[in-house]
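Hi everyone, thanks for coming.

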Amino acid sequence: MKNSINLPFDDATCGWYAALPEQPACKRLSGEQRADFAVVGAGFAGLAAARRLAQHHPEARIILVDAQRVAHGASGRNSGFVIDLPHKFALEHPDPAHKQRLLSLNRSAIAQLQGLVQKHDIDCQWSHAGKYQGAVGPRGMAYLDHFEKLMTDLGEPFRRVGTTELAGVLGTRHYSGAIYTPGCYLMQPAALVTGLARSLPDNVELLEESPIQRLERDGRGGWILQGTNGVIRTPQLLLGTSIFTQEFGYLRNRLLPVMTFASWTRPLTDAELATYGGQLDWGLTPADHAGTTVRMTQDRRLIIRNTYKHVPKYGRSTSDGMREKIRESHRKAFKARFPQLADVPFTHTWGGVYAISRNFTNFFGELEPGVHASACDNGVGAAWGTISGTLLADMAVGAQSAQLNDIRAVTGMPSLNPPEPFLGLGVRSRIHLAAWNSRSEL
C-alpha cells in the first residue's frame, strides 16, 4: 500500500455547487475515533452504504468520511441524469438476462432516491422527465437506428421524434431526430447529494474535508484510517471511492481516470425564454457516444457537456487554460444549437473525474477480509452508485437477497491496463480519434 496518495483536487467552478445555498459549517476528523463501520467517500455509493448500514444496525456507530465537502466531487458534478436503461456499452451486451438485471437494479435505485427525496423534502429539481437520445447528422442517425434496434430487442418503450417536434421541446432545429425513452429522471446533482447527506440516520456521523491518506492493519483484524488531524479505527471498511480506490492500493492498473466537462448559462430572462421558444426541464444525450449532452434545467439554465480528457493526476491534470479552451468549444456547440441566444453568457465551466475500465466492467465486492468496495461506474454514477452502495452494505453485514445475486452476476474484475507510457498514449489517441470521428455531432 502506498505511503502517500493523490487526493481529490476538483476545480472550484462547478455551477451545480455554486447554485446551492450557503452550506453549514462541516465537521472534520479530529483525534482518535472508533467506529463499528467506516465508509470512505460521501458520493452516491458512500451515502447509500452508510444509510443502509444504519438501517441494519441502528445501534452501531458509523463514520462516513470524505476528503472534500459533500457534493464537491464527482457525484455533484454530473449532468443530472438518473438513467434506468443499461447505458452505452452495457446495452450492447449479448446476454438479455444481463441487461434485465441492470435495468432492475437501476430502477430500484431510482425508486430508492425518489422515496428519499419525497420523505426528506429534498429540493433538487427531481423530475420524471425521461430522456432524448439525439442525432445531428448521418453519423448520429446511424447510431440512432442502432439504438432503436437495441431498444426493440430489450422490449422497452421508446418513441422516435422528428425535427419539428424536437424543436418545440428543445428550442432548436439542430437535430435531425431523436429517440425518447420515458424511464430517466432528472435532478440537480449537488442539491440531491447534499440533501441525502443532511438526512442521514442519527447514528451516521459525517466528516467532511477530512482526507484519508493511508490505510493500515491494526494487527487485530481491523483497520486504522490515517487522516491529517486524526485517525479512525474500525473492524469494517467500505470504500465508495471510485477512481481513488486505486490510491489505497486496490485495483491498481485496472481503472482509467477520465474527466468530462460542462458549461452552463445564467438563468434565461423572460425575454430570452420567449426567444428560445422551447420548454424547461429536459435532457438530451448524444446518439454518438462522443457527441454533446444538452440540458435545460427547471431554473432556466442551458448546459452543454462534451470533451473528454485522460487525467492521470485527477484534477491536477487540468488547468485554467485547459478549461478556457474547453469553454470555447462548448460555446461553439451552444451557438450551433441556440443561435438566437448567442449573447447569453456561460457563468461556469467545470470538470468531473470518473473511472472506466477497458472491459467496461464494474467492480463490486470484497477486496480483502473486512474491506468492501464499489468502484468503476463507467460513467453512470447516480443510479449505479446508489444501488451498489446499498447492496455493498448488505454484503458487509451478511444480508442476502435476489438483488445482491443480481449485482454479483453483472459485475466482475476490470481488466489490466498496459503500462505507462503506452496507457496514456493509447487513451489520449482513442479520445482524440473519437472526437474527430464525432465532430459532426459535437
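Let's begin with helix H8. The cover over its buried residues includes E14, strand E16 (293-296), E17 and E18. Please keep in mind that this is a predicted model. Which residues of H8 are buried? They are Arg-323, Ile-326, His-330, Arg-331, Ala-333, Phe-334 and Arg-337. The helix itself runs over residues 320-337, which makes 18 residues. From the first C-alpha to the last, H8 reaches 26 Å, close to the 26 Å expected at 1.5 Å a residue.

Now for the sheet. Here 8 strands form an open sheet with mixed pairing, and the order is E6-E7-E5-E15-E16-E17-E14-E18. At the edges stand strand E6 (159-162) and strand E18 (346-356); each has a single partner strand, so one side of each is left without a neighbour in the sheet. From one strand to the next, the twist averages 25 degrees.

Let's zoom in on the E6 end. E6 pairs with strand E7 (residues 177-181) in the antiparallel sense, over 4 bridges. If you look for Gly-162, you'll find Gly-177 of E7 standing opposite.

Other helices pack on this sheet too. One of them is helix H4 (residues 138-154), which touches strand E5 (131-135), E6 and E7. The direction of H4 makes about 25 degrees with that of E7. Then there is helix H11 (residues 422-437), packing on the sheet where it touches strand E14 (256-265) and strand E17 (302-310). The direction of H11 makes about 145 degrees with that of E17.

That's my tour, so over to you!

Methods: Residues numbered from 1 in each chain as written. Predicted model: local features only at pLDDT ≥ 70, side-chain atom pairs only at ≥ 80, totals over all residues. Heavy atoms only, no water. Pairing = 2+ DSSP bridges. Helix = DSSP H or I, 4+ residues; strand = E, 2+ residues; numbered from the N terminus. Axes fitted to C-alpha atoms, helices over the stretch in contact; angles between N-to-C directions. Contact = heavy atoms within 4.5 Å. Expected span 1.5 Å × (residues − 1). Buried < 20%, exposed > 50% of the residue type's maximum accessible area, 1.4 Å probe, protein only.
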